[in-house]
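These are my notebook entries on a structure that I had not looked at before. I set down what I looked up, entry by entry.

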Amino acid sequence: MARMKFLCDAERCIECNGCVTACKNENEVPWGVNRRRVVTINDGVVGAEKSISVACMHCSDAPCMAVCPVDCFYKTEDGVVLHDKDLCIGCGYCFYACPFGAPQFPSAGAFGLRGKMDKCTFCAGGPEPDRSEAEFRKYGRNRLAEGKLPACAEMCATKALLGGDGDVIADIYRERVTRRGRGPEAWGWGTAYGLPGRGGASPAQPAGGRS
Amino acid sequence: MLLTRKANGSVAREGRLARALSGVLAKTMDRRAFLRRSGVALGASAVASQLPFRIIGEAEAQEKKVAAKVEVKRTVCTYCSVGCAIDAHVQNGVWIRQEPVFDSPINLGAHCAKGAATRDQGITHDSRRLKYPMKLEGGKWKRISWDQALDEVSKRLLKIREESGPDALMVVGSSKYSNEQAFLLRKWVSLWGTNNTDHQARICHSSTVAGVAQTWGYGAMTNSYNDELNSKSLFFLGSNAAEAHPVSMLHTLHARENGCKVIVADPRYTRTAAKADIYVRHRSGSDVALLMGILHHIFKNGWEDKEYIRTRVYGMEQVKEEVLKKWTPDKVTEVTGVSEAEVFQVAKTLAENRPGMIVWAMGQTQHNNATTGVIRASCLLELALGNVGRRGGGANIYRGHDNVQGATDVGPNPDNLPGYYPVAVPGSWAHWARVWNVDLEWLKKRFASEAMMTKPGITVSRWIDAVLEKNENIDQDPNLRAMIYWGHSPNSQTRGSDMLEAMKKLDLMVVVNPYPSATAAMCAMVRKDGVYLLPSTTQYESSGSCTASNRSVQWREKVMEPLFESRTDHMIMYQLAQKLGFADQLLGKKDGKQNIRLVKGKGGMDEPDVEDILREINRGVWTIGYSGISPERIQAHMRNMHLFDARTLRCKGGKDAKTGYDLTGDYFGLPWPCWGKPEMKHPGTPNLYDTSLPVMEGGGNFRALFGVERDGVSLLAEDGSHPKGADITTGHPPFDHVLLKKLGWWDELTEEEKKEAEGKNWANDLSGGIIRVATKVHGCMPFGNAKARAVVWNFPDPIPQHREPLYSPRPDLVEKYPTYDDVKTLWRLPVRFKSEQQKAVKEEMHKKFPLILTSGRLVELQGGGEEQRSNRWLAELQQENFVEINPKTAAARGVRNGEYVWVSTPQRNPDGSFVRIKVRARVTEGVGPDTVFIPFHFSGWWQGRDMLAFYPEGTEPRVRGDAVNTAIPYGYDRITVIQESKTTLCQVERA
Amino acid sequence: MRALAASAAFVAAAFGLAACMEVEQTVGPPKAGKYQGKPDTPAWANEPLAHETARWTKGDRASWEAQIKARQLAQHEDRRIYQ
């Protein structure tokens, strides 16, 4: 059963912003709203610079869904997290809850007036009839309903951003890791897998006691 | 990145409000819907009679499906030279969507920010396109009709011609033309009667083409982006591929994951360097020393490929002697700042990982010693390692614009006719007069004199001096009085403050462009009249071919009709030719024959047929093998991209369903040279000079371009060095009728071929018979089989020398490694080298301006940048020009991240003050404490002042900034006068 | 004590009074945590588009998934390079 996911391979991401403009183009997202952004950490630091493309991760247990006061979020059978803009009250709780900053609110004025929340839809549209004008106007393109995958992942310059069925992504990524002979050397790798010296701090081992 | 900053505040508010309402009312048209329908509402000639959805009430009609059919047109991105294919979805003549082409063997569906955003070119709502012809009158832009524009421009041109001769005009053409448009412009300029024409290659890779061609025969990328998959090492010296050629990194990174070693040498730690296995930071402008330092270790340890050098290279012993003596590690470190250990590590890695490639772009080409020094040293490195002419090895030269390769091959060059036939050789003119079906004597009379006809013209990097310089110093009768900027930006050339003066002095400036470009704004800032803007189309509004950097030719289908009142470049060329009196010659209409038919273009007006133009190119360009690249063949390639292997670019088998053309064995895009006539079915040459393959399977050898012998040593290849299966197993000169007869091969020509080939050589035999016999019958290269030259005796520096930049931070090194002597005449103008450098030392410029200023690219923008900064999705990503400055350097000046700073340089304004530009400070460790970096894509500000008022209304780019080239001072390459914009001096201070 | 009881009663009365004057805020019993919006149809419930290459049987989830996975794998550059 397909479960839709994104994975950005930080070993390949060159911050070309192809994913960013692909999304803007395909969904005609207006100025000021950025469903997908590329973040570069340690810019200019030799050996440590890494780029990664971030948008909604379509979490299995989505915090945005959990905190929404009007319950405008739902998850499709493929695991895509979508929401109903007609219900959205623009409170911004989902923005607080999301670890990735996926919810977008076009800001205007000095005090950040918010409108309806907009976010990456995995190019799966929203609760309007598939491929209709209304769906396009509110949520952007529904590529899944056309048998395609998100525009950002399909257009990634170096195929760093993989989008689609999680199993297939895992297969592709596993092949890459095997070929490289090592993991992503990204931050936190050491923390997650307890390998000291492999990028990122490893957790301090307590002397004796519980591990 | 300042993502939420709005360029136009009202826009976002409108969007927010409309979106807030849309859920409730579902009747307001918010920006998305407006954008989607905008093409239909405003598109000039392609307006559909019905809107797909009505605004009021239709929003509730949930089940209504799209009525009109969607057509898919296959085109190629118009930005860089990788050549990513795009499927454009068109409905009712409006470009509504774009889809990636996974079938393309070149980009496999990948795009960068620009390619993924290119559909903005087709959106007519709030478009910043130049929509109709305009004229500067009383300092204001006035809309005029096409008829008036063509009439006035041609009248003024004819008047200037009458008063001052044809050389008073310069036409700066474009690397964004299709091959057909580029070819037609070279013809156009020749029919006008001048060689004063140029294009972006001058400021980009002109030094490459000259330096590389003088080494081994052709000045193009030897392999392809795809071929990097077969490399064991990749040395990026002077290339920021991650930002300039992002999709090429797909192949690079895949290769890296398969064990290929990626080495990046760059004064900046770029996005490309972040993916390197080895990063070397060397001083900007010290590239020759670095390369010679690497060669030193290679020779010292005996790592050079001795057999390869013996059979295929001339003069390497002289180079070895000089390198070992002169470029000892201490000298290398003194000049480059790189330690011996680092240089050794690079040398060892390259030696142990072959085949390997060296990759370069502007980092190597834009220096005063680029052609004779940096480029040549790169060639020497690859020759020493035995990498050139192998799968996975060579000089992978990353060209810039989408068709700079094609425009260089067949387009507007001041020293060459299409196909690199030199203007200096009368035979070239005879050849092309025949192919063009133009009377040679008539053509000769069009020029001021026969001397002027054979003299290379003025370059785009120096045109301002042709206007401003004293007449007695110019090597032509008149100063330049009229300029046509046809598809070129002004802010990619240096000395902007001088350019402004030149613009003031011109009699006539014509800009032919889809966007007004900074030329319009600069002229309006200093002039009251004499400027015309003619709207031309982008490459999506016409069909045509383009040549990617790897020499593959792709065909673009027309996506949409020309928008607004724009016309295709070839229609404008024809219409101007009609007014100027050489329309018939442009079409090759003579003696009952007409080479190029007229077809109906926009609005039913006549325009030259592009396929006919490509066939004319096939008939005339034998030198680099464009002869086999027919429209039918490459169109079949575009329809069957999935049949081509992405590692070898070869088609293993298959037939085109539409025409039945058998694609088996073809290389994708028939990378030139594609020898002989199309019927001969040469498959193209994916990797140049590869002796491991037969000629008819894409093999080759080095070109015999420099004579047969020198100082008693043979310049031809040694015995045993030849393409696989060649009938001549040793070196030989180029083929002509004499050689064929000597070899006894003359009778293998058909009777018809013999008639034509008698008295001719491989390059001007229009029957193609000499080439056919040489390649197909006997497996030999038509241009001979020779050694590459390690020593180029006709250059001022036969062996590459390090020469300090004209504006150098190190006067002590200027003493040891000074630049060239001044040249009295080069490309019709005097060029200063030593005098400029000495003056800088005397005036202690290195003290006033202690930082090295280097310029370069950003991934979101390209070239002059007006086009991308008019793109709503790209403009948002780079909203302001900035300077990258090291934390130490910033702290010393009290500069904080994000603040405005003034960057001043030795370049002066007319009043004597130093030019200074205002940019944001971006504090990063990516640049060293002695260097700052500014991207060159910005324009629209003049030394801190927004030039918004000087753009025609509604055409200003969404974001504007100061152009770094306004500030970059004098400095040119010794051979090709490409500007030295990679390394100069500046000072930064808080604004 | 009496004052306290009185004030407590007063408070209770106030609440009771307030409840009587309050307008019902929700429609029906609140369904906290459950999606309240419009229904949405799954991707495979659509007909493939004529001008596109993607093909599946309308309504058949498995065929849609199969073609999505095939499309995803086809984009993986290894397939093209090692073919």
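**Entry 1. Chain C.** I began with chain C, which has three helices and zero strands; helices (H or I, at least four residues) and strands (E, at least two) are DSSP runs, numbered from the N terminus. The order of its elements from the N terminus is α-α-α. I noted that 25% of the 83 residues of chain C count as buried, where buried means under 20% relative accessible area, exposed over 50%, and partly exposed in between (1.4 Å probe, protein chains only). Chain C exposes about 5800 Å², with 67% supplied by carbon and sulfur atoms; accessible areas come from the Shrake-Rupley method with a 1.4 Å probe, and for residues only the protein chains shown count as cover.

**Entry 2. Basis of the values.** I recorded that this is a predicted model, in which local features need pLDDT of at least 70 and side-chain atom pairs count only at pLDDT 80 or more, while totals for chains, interfaces and linings use all residues. Residues are numbered from 1 along each chain as its sequence is written, chains are lettered from A and ligands numbered from 1 in the order in which they are written, and side-chain values use heavy atoms, with hydrogens and water left out.

**Entry 3. Chain A against chain C.** How many residues does each chain give to the contact? I found 39 residues from chain A and 35 residues from chain C, contact meaning heavy atoms within 4.5 Å. About 3000 Å² is buried between the two chains, and carbon and sulfur atoms give 47% of that area; buried area is the accessible area (1.4 Å probe) that two parts lose on being put together, summed over both. The interface of chain A and chain C holds 11 salt bridges, a salt bridge being a side-chain nitrogen of Lys or Arg within 4 Å of a carboxyl oxygen of Asp or Glu. One of them joins A:K148 to C:E52, with the closest N and O atoms 2.6 Å apart.

**Entry 4. Salt bridges elsewhere.** In chain A, A:R35 pairs with A:D118, the closest N and O atoms being 2.9 Å apart. This pair links distant parts of the chain, 83 residues apart: A:R35 is in the loop between α1 (18-27) and β2 (37-41), and A:D118 is in the loop between α3 and α4 (133-139). Both A:R35 and A:D118 are buried.

In chain B, B:R922 and B:E884 meet in a salt bridge (2.6 Å, N to O). Here too distant parts are linked, with B:R922 in strand β33 (residues 914-923) and B:E884 in strand β31 (residues 882-885), 38 residues apart.

**Entry 5. A seven-stranded sheet in chain B.** I traced an open sheet of seven strands in the order β5-β4-β18-β17-β16-β6-β7, with mixed pairing. Its edge strands are β5 (140-143) and β7 (197-198), each pairing on one side only; two strands pair if DSSP finds at least two bridges between them. β17(B) and strand β18 (residues 531-535) pair in the parallel sense over five bridges.

I then looked at B:N513, which lies in strand β17 (residues 508-513) and stands opposite B:P535 in β18(B). B:N513 is buried because its relative accessible area is 9%. Beyond its neighbours within four places in sequence, B:N513 has contacts that include B:L130, B:H488 and B:L534.

**Entry 6. Strand β38 of chain B.** Why is strand β38 (residues 984-990) described as largely enclosed? Five of its seven residues are buried, so the rest of the structure largely encloses the strand. Strand β30 (residues 851-856) pairs with β38(B) in the antiparallel sense over three bridges, and B:I852 has B:L985 as its bridge partner. Strand β32 (residues 900-908) is also antiparallel to β38(B), joined by four bridges; there B:S904 partners B:Q987.

**Entry 7. Helix α27 of chain B.** Finally, I noted that helix α27 (residues 631-639) is mostly covered, with seven of its nine residues buried. Among them are B:R633, B:I634 and B:H637. The buried residues of α27(B) pack against β1 (70-76), β19 (544-547), β20 (553-556) and α26 (610-620) of chain B.
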